[in-house]
Amino acid sequence: MSAQPIVIREVEKTFQTRGGAVQALAKVDLNIEPLSFVSVVGPSGCGKSTLMNLLAGLDTPTDGTILIGGKPMKGPQEGNAVVFQKDLLLEWRTVLANVLLPFELQNITWLDRKNRMTNKQMAEEMLQMVGLEGFGDKYPFELSGGMRQRVSICRALIQQPSLLMMDEPFGALDALTREQMMYDLLKIYKKYKCTVVFITHSIEEAVFLSDRVLVMSPRPGSVVRDLPIELERPRGMNTRMDARFLEYVREIRGVFQSQGVLAEV
Amino acid sequence: MKAGFNLRQALSVSATFLGFLVLWQLVCLFFDIPAYLLPTPTDILGRMIQDSDVLLRHSGVTLFEILAGFGLSVLFGIPAAVIIVYSRYFSQSVFPLLIGLQCVPMISIAPLLITWLGFGMVTKVMIAFLISFFPIIVSSVVGLKAMEKEMLMLATSLRASRLQVFLHFRLPKALPSIFGGFKVGITLAVVGAVVAEFVSSDRGLGYLQLVANSKLDITMQFCVIVMLGAIGLALYNIVGLIEKIALPWYRAARGGE
């Protein structure tokens, strides 16, 4: 499935809680270019996960519409894949069986032996690409946190998504693993061209990975800055020392300062 | 490495048990305790061999009651747990009642069951069933409710149907808890069957023990206790073994226990 433009038009989301209505998202208007890498960065509780859930069809907006390829979306779409902050591997399945789960749920290969073999090959290639060759028969508990999240990324990629959504996927990992995961993600993005919406609270992560960074305000969340990142690809460790990289980071920090999210004592 | 450790532990347990038996034997001999108060382990063993046909016959009856009662509670407990988890009414109104009912000692309704169902096998099976039913249904409900919200979001994003969510997510997640219920249930089923036999019966290990007691046949009572212990231990370990085979991911996850 080829990537489609995504249009978010006047989307709002309000949650009804016991303490009354909480507005998570104030009016959000966005166009997302096909095949672009867009990061959403903002403080905790600013509604960035809410925005992703709406995009993934896991929740419905209180107001406004989301159009994918010009068509209003209803529920989770084929061609959309999500990676969550928790790896959410099924403990009772081997690594390979976890990666193949999306196929099994869609009954694509249930009776079709030949297809099953090619799917398995595809899964094995993917595991190889993220450095998990030979781990197919392991159970999740035998893997480290970074390896587990790599498996969950494979599980998303095997659906050959046109839109890959990632909700703070490296949030639970240590700093070094996190940095390595960024390099790996860029490699994956290069190989499996698709639109990526990446939710994070790390400014550096957002700038390093993206074509465009959307900065969100504290709740009720809205996009307060839409910043194109014009750093050439491929990006690597040196990019992080580039003066322009630091300038982008400084600019986003400035936005957070003006929003009162960051303040010096 | 792990297998070696288990072997060492098994040896240690066996040696301790044997040591205990030897001590028992020596205490009996040394203090000259009469056999009608406390028989020696060798007395008990001799008697078990001598009366093995009687013991085995009655054990067969009790074993059948245990297995039938436990089997019924698995057969009804798990579907009932599924209904409770999926039905708002059942989880909010029926389940609390079941929990409350659990506090009534099941043994106390044995006389009623005799009135309704007679003195036969059915009554014993029913009591074994009732007593092992509760731990199984409660732990199944707990297990089936253990699925995290995020997991459901993943399932939704993968466009899984309700049946698939149950089969691929909810049920496997619940299995360790369900097996925990089985282990408690099978132990309680033994208790249920024997106590039911105490209340009224003409066969089974509980009956054999009552008869031996009325004849002041202490050695035979010990023989019955040994048989019951062996049955209980064997059944518990069989459930444990099935769990290990069925859930390789779980046994290993808790460190090869």
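Predicted model: local features only at pLDDT ≥ 70, side-chain atom pairs only at ≥ 80, totals over all residues.
**View 1. The open sheet of chain A.** Six strands of chain A, in the order 6-7-8-3-9-10, make up an open sheet with mixed pairing. Its edges are strand 6 (80–83) and strand 10 (223–228) of chain A, each of which pairs on one side only. From one strand to the next, the twist averages 15 degrees.

**View 2**

View 3. Helix 1 (residues 48–55) of chain A lies across strand 3 (37–41), strand 7, strand 8 (195–200) and strand 9 (212–216) of chain A, and runs at about 150 degrees to strand 8 of chain A.

**View 4. The bend in helix 8 of chain B.** Helix 8 (residues 162–199) of chain B spans only 47 Å between its end C-alpha atoms, whereas a straight helix of 38 residues would span 56 Å at 1.5 Å a residue. This helix bends by about 45 degrees at Leu175(B), with a proline, Pro176(B), following within four residues.

**View 5. Helices 5 and 6 of chain B.** The axes of helix 5 (residues 110–117) and helix 6 (residues 121–144) of chain B come within 9 Å and cross at roughly 140 degrees, and the two helices are therefore oblique to each other. The crossing is right-handed. Ala110(B), Leu113(B), Ile114(B) and Leu117(B) in helix 5 meet Val122(B), Thr123(B), Met126(B) and Ile127(B) in helix 6.

Key: Residues numbered from 1 in each chain as written. Chains lettered and ligands numbered in written order. Pairing = 2+ DSSP bridges. Axes fitted to C-alpha atoms, helices over the stretch in contact; angles between N-to-C directions. Contact = placed C-beta atoms within 7 Å. Expected span 1.5 Å × (residues − 1). Bend = angle between axes of the 7 residues up to and from the residue. Parallel < 35°, antiparallel > 145°, perpendicular 65-115°, else oblique. Left-handed = near helix turned anticlockwise from the far one by under 90°.
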